[in-house]
Amino acid sequence: MSRPTDAGGAQRFEIVIVGAGQAGLAASRELSRRGLEHVVLERGGVGESWRGRWESFCLVTPNWTMQLPGQPFDGPDPDAFSPRDEIVGFLERYAAKFETPVQEGVAVRSLEPTESGGFRLETSTGDIDARSVVLSTGAYQRPHQPAGSSWP
């Protein structure tokens, strides 16, 4: 995707989401519903943190709890417990269904505020400037809003 760049060659996005797991994909869906331009950066593939779990890993909650905005569980047995690869498949189907603007294989190396009030992300594919950044890289069971941040 060709993007506008600034004088220093950085791509520009209104909003950048870092991480294409459950939180990043759900945030992207909600931004898209509101017509807000954004991109999702993922160092690996969609659902990367799930891909790194052991092969026999499975959920300890029933499948019917595996849902994201606009997408309930879509498998054959809502009372079973999905193994790792089915969880990844669910996330991949979700990203495809909502045409999530994911850029896979892009590692974010640093994030710094800019003088203009936005942020500069140094990534493995070049610098990106953004007005806002959503960090969706941590454990999903521990929400965290950094001091000084706000959401309207």
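A residue counts as buried when its relative accessible area is under 20%, as exposed when it is over 50%, and as partly exposed in between, with a 1.4 Å probe and protein chains only. This is a predicted model, in which local features need pLDDT of at least 70 and side-chain atom pairs count only at pLDDT 80 or more, while totals for chains, interfaces and linings use all residues. Residues are numbered from 1 along each chain as its sequence is written, and side-chain values use heavy atoms, with hydrogens and water left out.

**Exercise 1. State which secondary structure elements the chain has and in what pattern they follow.**

Solution.
- Step 1: Helices (H or I, at least four residues) and strands (E, at least two) are DSSP runs, numbered from the N terminus.
- Step 2: By this rule the chain has three helices and six strands.
- Step 3: Along the sequence, their pattern is β-α-β-α-α-β-β-β-β.

**Exercise 2. Describe the burial, contacts and surface of the chain as a whole.**

Solution.
- Step 1: The chain has 152 residues, and 34% of them count as buried.
- Step 2: A contact means heavy atoms within 4.5 Å. Of the contacts between residues at least 6 apart in sequence, 52% join residues at least 24 apart.
- Step 3: Accessible areas come from the Shrake-Rupley method with a 1.4 Å probe, and for residues only the protein chains shown count as cover. The chain's accessible surface is about 9,200 Å², and carbon and sulfur atoms account for 51% of that area.

**Exercise 3. Classify Asp-127 and its salt-bridge partner as buried, partly exposed or exposed.**

Solution.
- Step 1: A salt bridge is a side-chain nitrogen of Lys or Arg within 4 Å of a carboxyl oxygen of Asp or Glu.
- Step 2: The partner of Asp-127 is Arg-120, with 3.3 Å between the closest N and O atoms.
- Step 3: Asp-127 has a relative accessible area of 31%, so this residue is partly exposed.
- Step 4: Arg-120 is also partly exposed because its relative accessibility is 27%.

**Exercise 4. Find how many salt bridges the structure has, and describe the one between Arg-51 and Glu-92.**

Solution.
- Step 1: The count is nine salt bridges.
- Step 2: In one of them, the side chains of Arg-51 and Glu-92 meet at 2.6 Å, N to O.
- Step 3: This pair links distant parts of the chain, since Arg-51 belongs to helix 2 (residues 48-51) and Glu-92 to helix 3 (residues 84-97), 41 residues apart.
- Step 4: Arg-51 is partly exposed at 32% relative accessible area, and Glu-92 is partly exposed at 37%.
- Step 5: Another salt bridge joins the side chains of Arg-84 and Asp-85 at 2.9 Å, N to O. Arg-84 is buried, with a relative accessible area of 14%.

**Exercise 5. Work out the geometry of the ring pairs that link Trp-50, Trp-54 and Phe-57.**

Solution.
- Step 1: Rings of Phe, Tyr and Trp (its six-membered ring) pair if their centres lie within 6.5 Å; planes under 30 degrees apart count as stacked, over 60 as edge-to-face and the rest as tilted.
- Step 2: The structure holds three aromatic pairs. In the pair of Trp-50 and Phe-57, the ring centres are 5.5 Å apart and the planes stand at 50°, so the pair is tilted.
- Step 3: Trp-54 and Phe-57 make an edge-to-face pair, with 5.2 Å from centre to centre and 80° between the planes.
- Step 4: Trp-54 is exposed at 54% relative accessible area, whereas Phe-57 is buried at 12%. Trp-50 is buried as well.
- Step 5: A charge sits over a ring if NZ of Lys or CZ of Arg is within 6 Å of the ring centre and within 35 degrees of the ring normal. Arg-53 lies over the face of Trp-50 at 4.6 Å from the ring centre, and the charged end of Arg-53 also sits over the ring of Phe-57, 5.0 Å from its centre.

**Exercise 6. Identify the largest nonpolar core and the elements that supply it.**

Solution.
- Step 1: A nonpolar core is a set of buried Ala, Val, Leu, Ile, Met, Phe, Trp, Tyr and Cys residues joined through side-chain atoms within 4.5 Å.
- Step 2: The largest one has 20 residues, and those with the most contacts inside it include Leu-25, Val-46, Trp-50 and Met-66.
- Step 3: Strand 1, helix 1 (22-33) and helix 3 each supply at least two of its residues. Helix 3 gives the largest share, six residues.
- Step 4: Not counting residues up to four places away in sequence, Met-66 touches residues including Leu-59, Pro-72 and Phe-90.
- Step 5: A second, separate core has nine residues, among them Val-16, Leu-41, Val-106 and Ile-128.
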